[in-house]
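Here is a set of questions and answers for a reader who is new to this structure. Each answer sets a value beside the definition of the term and then draws the conclusion.

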Amino acid sequence: MSEPVISMKNVNFNYENKTALKNINFEIRQGAFMGLIGPNGGGKTTLIKLILGLFKPQKGSIELFNVPIGKFKNWDKIGFVSQKANTFNQGFPATVEEVVSMGLTSKVGYLKFFTKQHKQKIRDAIKQVGMSEYLNENIGDLSGGQQQRIFIARALVSDPELLILDEPTVGVDTENVQKFYELLHQLNAQRNITLLLVTHDTGTMTHHATDIVCLNKTMHFHGNTAEFTALSDSDLSDFYGHTLNLVSHDH
């Protein structure tokens with residue numbers, strides 16, 4: 001059996017007197033493609049911040065690659081892609097190559113020059129997401145789907161073993177959303193990168209993810225995709241706290 005990449009045991013987190021997460025127990029094993037779903041305000045972003053070490057659990061423990069998070073130092077093993085469409089400055093004056101090179105800053109340093117090997121890694125990451133022809137294009141001139149591919153390349157350039165994506169398809173058109181999921185599937189299948197994807201797109205996700213977690217302050221479901229798709233609409237509505245139908249997209 002593969003090793004756990006993330007392990008949480010009895011994790012609690014509150015904002016002042018408001019419960020954000022309660023008694024969270026789950027793990028992600030190497031090579032999994034996990035979809036993290038749940039209603040707005042259900043604690044998904046808080047969970048991600050705990051995994052990234054931005055918050056500390058008020059109760060319970062977290063391990064990354066079998067190391068307690070307080071002692072974990074190898075953050076290059078973890079790549080992160082955020083909701084770019086909501087935060088990215090479209091006027092930012094940088095080429096695709098320059099944006100991707102930012103993913104090596106922690107290894108190379110801010111004031112040091114990139115070697116030929118570094119530059120090749122940057123080009124290889126851009127090639128892997130199918131964007132080589134845009135190498136010298138300004139990032140702001142690309143479509144939302146193309147920009148998200150570049151931000152994945154920026155995360156990939158440091159060779160992460162775990163890639164966390166927080167609702168990365170927000171603002172991306174339907175056609176490019178499907179291409180985006182196909183890219184993630186390839187990264188998972190071909191490079192064995194462990195993926196944790198926060199999404200509201202339960203239908204499309206079930207065609208690509210291997211595992212599903214449904215979070216609404218507590219862990220309502222944690223299992224494989226087949227078990228998730230076997231759930232009734234009533235089950236999902238109970239998890240979310242309101243009516244929800246699982247829509248399956250066939251492609």
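Predicted model: local features only at pLDDT ≥ 70, side-chain atom pairs only at ≥ 80, totals over all residues.

Q: Which residues of α5 are buried, and why are they said to line one face of the helix?
A: The buried residues of α5 are Ile122, Ala125 and Ile126. Seen down the axis of α5, they fall within an arc of 100 degrees (the arc of the directions from the helix axis to the C-beta atoms), so they line one face of the helix. Their cover includes α3 (96-101) and α6 (144-156), where contact means heavy atoms within 4.5 Å.

Q: How do you know what span to expect for α5?
A: The expected span of a helix is 1.5 Å times one less than its number of residues. Helix α5 (residues 116-128) has 13 residues, and its reach of 18 Å from first C-alpha to last is close to the 18 Å expected. Helices are DSSP runs of H or I with at least four residues, strands are runs of E with at least two, and both are numbered from the N terminus.

Q: Why is the contact between Arg123 and Glu97 called a salt bridge?
A: The term requires a side-chain nitrogen of Lys or Arg within 4 Å of a carboxyl oxygen of Asp or Glu. The closest N and O atoms of Arg123 and Glu97 are 3.3 Å apart, and the pair therefore forms a salt bridge. This pair links distant parts of the chain, with Arg123 in helix α5 and Glu97 in helix α3, 26 residues apart. Arg123 is partly exposed because its relative accessible area is 35%, whereas Glu97, at 18% relative accessibility, counts as buried.

Q: What makes Lys121 and Asp159 a salt bridge?
A: Their side chains meet at 2.6 Å, N to O, in a salt bridge. Lys121 lies in helix α5 and Asp159 in the loop between α6 and β7 (162-166), 38 residues apart, so that the pair links distant parts of the chain. Lys121 is partly exposed, with a relative accessible area of 27%, and Asp159 also counts as partly exposed, at 41%. Lys121, Asp159 and Arg191 are linked in a network of salt bridges.

Q: Why are β2 and β5 called edge strands?
A: The four strands of an open sheet have the order β2-β1-β4-β5, with antiparallel pairing. Two strands pair if DSSP finds at least two bridges between them; β2 (18-29) and β5 (67-68) each pair on one side only, and they are the edge strands.

Q: How do you know that β1 and β4 pair?
A: Five bridges join strand β1 (residues 4-15) to strand β4 (residues 59-64), and the definition asks for at least two. The bridge partner of Met8 in β4 is Ile62.

Terms used:
Residues numbered from 1 in each chain as written. Heavy atoms only, no water. Buried < 20%, exposed > 50% of the residue type's maximum accessible area, 1.4 Å probe, protein only.
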